[in-house]
Amino acid sequence: SGEHFTLANEFVRMVPKYLPVRLFITYFVGVALLCAALSFAARRCVRLSGPLLAVMFASFVLMLYLPGVFKRPGQRIFWIVSMRETTFAMGGLAMFVYEAASRTGKFARGYAQVARLWTALVVIFFGFQNFLHPECKPGVPDLVLTPSWFPMAIVAGYVTGVLLIVLGVATLIPKLAWKSLSLVALVMIVLTIVLHI
């Protein structure tokens, strides 16, 4: 959310040119992300903020990233971002489903199955991206090279790739899904702390 305010001039270039008031849209998205985060943290209005966040991320995929996939299918960044943003959309829906279940006592098993399968496929895809491009920062795939100070950067890329592929496959097995996704989260948190903090 913060980057929509501090880097607004860069983000405004991502807004489709056919939309009016592109700078306003950039700031509006930043405010929307902040509001959703506060809603989730305070557990207030989640039944509204969850679906709205899902619609916003789905709109990003449809208007910004999927056109790139179709125009330049060989550029992997469009595939990466499309899958990442779709996962964010599903996360917004998951917050809605969880909140609704906590109030009604009924859990939407169908949504849980779809979310688990989608997440498994994304983790496997990210794993292959790490394995095929070990020179890039490990974790959520990117085009940015791993910093030179990072020890055994190429090895870290391969290890991250294999780990994500194995954990993604394990997520396809219902009995292993919770543990494997917890390990995926742990791997991503550790990589984020080491590489960025």
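**Close-up views of a predicted model**

A search of the whole structure, which is a predicted model, finds zero disulfides.

**View 1. The cysteines C35 and C45 are each in no disulfide.** For C35, the nearest cysteine sulfur is that of C45, 10 Å away, and for C45, the nearest is likewise that of C35, at 10 Å.

**View 2. Helix α3 runs through residues 22-42.** With its 21 residues, α3 reaches 30 Å from its first C-alpha to its last, which is close to the 30 Å expected at 1.5 Å a residue. Just after this helix, R43 takes a positive phi of about 55 degrees.

**View 3. Several residues of α3 are buried.** The buried residues in this helix are T26, V29, G30, L33, A36, S39 and F40, and what covers them includes α1 (3-6) and α2 (8-11), together with α4 (46-71) and α5 (76-104).

**View 4. A nonpolar patch lies on the surface.** The patch is formed by W149, L183, L186, I189, V190, I193, V194 and I197, which together have about 830 Å² of accessible area. One of these residues, V194, is found in helix α8, which spans residues 174-196, and V194 counts as partly exposed, at 41% relative accessibility.

Definitions and conventions. Residues are numbered from 1 along each chain as its sequence is written. This is a predicted model: local features need pLDDT of at least 70, side-chain atom pairs count only at pLDDT 80 or more; totals for chains, interfaces and linings use all residues. Side-chain values use heavy atoms; hydrogens and water are left out. Helices (H or I, at least four residues) and strands (E, at least two) are DSSP runs, numbered from the N terminus. The expected span of a helix is 1.5 Å times one less than its number of residues. Buried means under 20% relative accessible area, exposed over 50%, partly exposed in between (1.4 Å probe, protein chains only). Contact means heavy atoms within 4.5 Å. A disulfide is a pair of cysteine sulfur atoms within 2.5 Å. Patches are made of residues with over 30% relative accessible area and no salt bridge: like charges are joined within 9 Å, nonpolar side chains (Val, Leu, Ile, Met, Phe, Trp, Tyr) within 5 Å. Accessible areas come from the Shrake-Rupley method with a 1.4 Å probe; for residues, only the protein chains shown count as cover. A salt bridge is a side-chain nitrogen of Lys or Arg within 4 Å of a carboxyl oxygen of Asp or Glu.
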